[in-house]
Amino acid sequence: MSASSRSLPAVRPSVRRLAAELVALRRDLHRHPELSWQERRTQEVVLERLRAWGLEDARPIADTGATALVRGARADRTLLWRADMDALPIQERNEAEYASIIPGVMHACGHDGHVAIALGLARLLHEGRGSLAGSVRFVFQPAEESAGGARRCIEAGVLDEPAVDAALGLHIDADTPLGATVATAGPAFAAPTAIAITIRGRGGHAAQPHQAVDAIVAASQAVVALQTVVSRSTDPADTVVLTIGTIEGGERHNIIAEQVRMTGTIRTFDDKVLGHTLKRVEGVLAGVTAAMGAEYEFSHYTSCPVLVNDAAMTALVEREAAAFFGDGGIRRRAPSTGADDMACFLEKAPGCYFFLGAQPPQRSRRFPHHHPRFDFDERALAVGLEFALRLVEAYLKQ
Ligand SMILES: [Zn+2]
Ligand SMILES: [Zn+2]
């Protein structure tokens, strides 16, 4: 059966009543996207709603984030629900009436949808808190795309009062049909390590290269040699990605460049493998620059750990997905070399971060995440809210 002909699961009346508002909310956020650490308007929209609905402890957190608490009748356990809020430095090329009005900034990953679903969830759980068998801490996290938002929320104590026992969150997936979810037990996303390399030579006249040390030639050798770190120095059974994403150097066609700067990323699923990779990168840089008479500087920063989904929490997501979406409602996927700083929360509390299918029905509207024409099926908002409600209720009932 194709995705579009498949009938959608039924949602409860309170979700159905909220469906149009969720779409309006998502479109408002989509029109006004904000980059990492600049989510001021988004924060205001979120807090304004949370306060209007009477949620407890609704306040800013981690500069541009927001948090609130639904305190159930029996507050014996607390679940964290996380939604990220930031957009990307991309010029939107969609012509929808809700397209971004901010030049060069776009919600091209679906975080606008995450905020809408989490707000709907906060509202309905708060309204029904009298029969809720536990509490739910909400975190509307800034800066997922640039990374660092989750860590700041944890440092600000979002997991502490009341102490969080488990964590859940979803990511909209424009690659998976509506009516299906993807959850991977164990390591599901890689740890991202940003690297920065500076290669220093000695400037000079382009016509007298023998009197200079050409940083561009040294950097070129380094980029090529770095390809062997994965292909020749890594156990084929281990997963490593090493990408040089930027290279920048030189002033003019007739000047030998004194300096070249490069940045890139390493993705790994294991600390030992990461350690080995960093050592090999450093070794290659030392060898290549020594051979060319140049010098190098190398720095790296691992912004979040490997994202590990807890087996029991993933089983809960799978069980509920099968019950709600029916056959084919749960898909498995190999671990992704992508990264998400939900990993920081899951390092502190057992949980599951899963994908919610939201593929646009029309083929012509299907584009990957981070594409200038990215969009998703807005019916996923109500479906996602109903599924989120079921997950929270199932977890707290256990
Ligand atoms: Zn993204
Ligand atoms: Zn994302």
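Donors are N, O and S atoms within 2.8 Å of the metal (3.2 Å for Na, K and Ca); water is not among the atoms, so sites may look incomplete. In this predicted model, local features need pLDDT of at least 70 and side-chain atom pairs count only at pLDDT 80 or more, while totals for chains, interfaces and linings use all residues. Residues are numbered from 1 along each chain as its sequence is written, ligands are numbered from 1 in the order in which they are written, and side-chain values use heavy atoms, without hydrogens and water.

**Zinc site**
- C109 (SG), E145 (OE) and H370 (NE2) coordinate the zinc ion (ligand 1) at 2.1 to 2.3 Å.
- The spacing of these donors along the chain is C-x35-E-x224-H.
- C109 also bridges to the zinc ion (ligand 2), and the two ions lie 3.1 Å apart.
- C109 is buried at 8% relative accessible area (buried means under 20%, exposed over 50%, partly exposed in between, with a 1.4 Å probe and protein chains only).
- H370 is partly exposed at 39%.

**Aromatic pairs**
- The structure holds eight aromatic pairs (rings of Phe, Tyr and Trp, the last by its six-membered ring, with centres within 6.5 Å; planes under 30 degrees apart count as stacked, over 60 as edge-to-face and the rest as tilted).
- F189 and F355 form a tilted pair, 5.8 Å centre to centre with 55° between the planes.
- F189 is buried, with a relative accessible area of 8%, and F355 is buried at 17%.
- F324, F325, F354 and F387 form one aromatic cluster.

**Charge over a ring**
- The charged end of R333 sits over the ring of F355, 4.8 Å from its centre (NZ of Lys or CZ of Arg within 6 Å of the ring centre and within 35 degrees of the ring normal).
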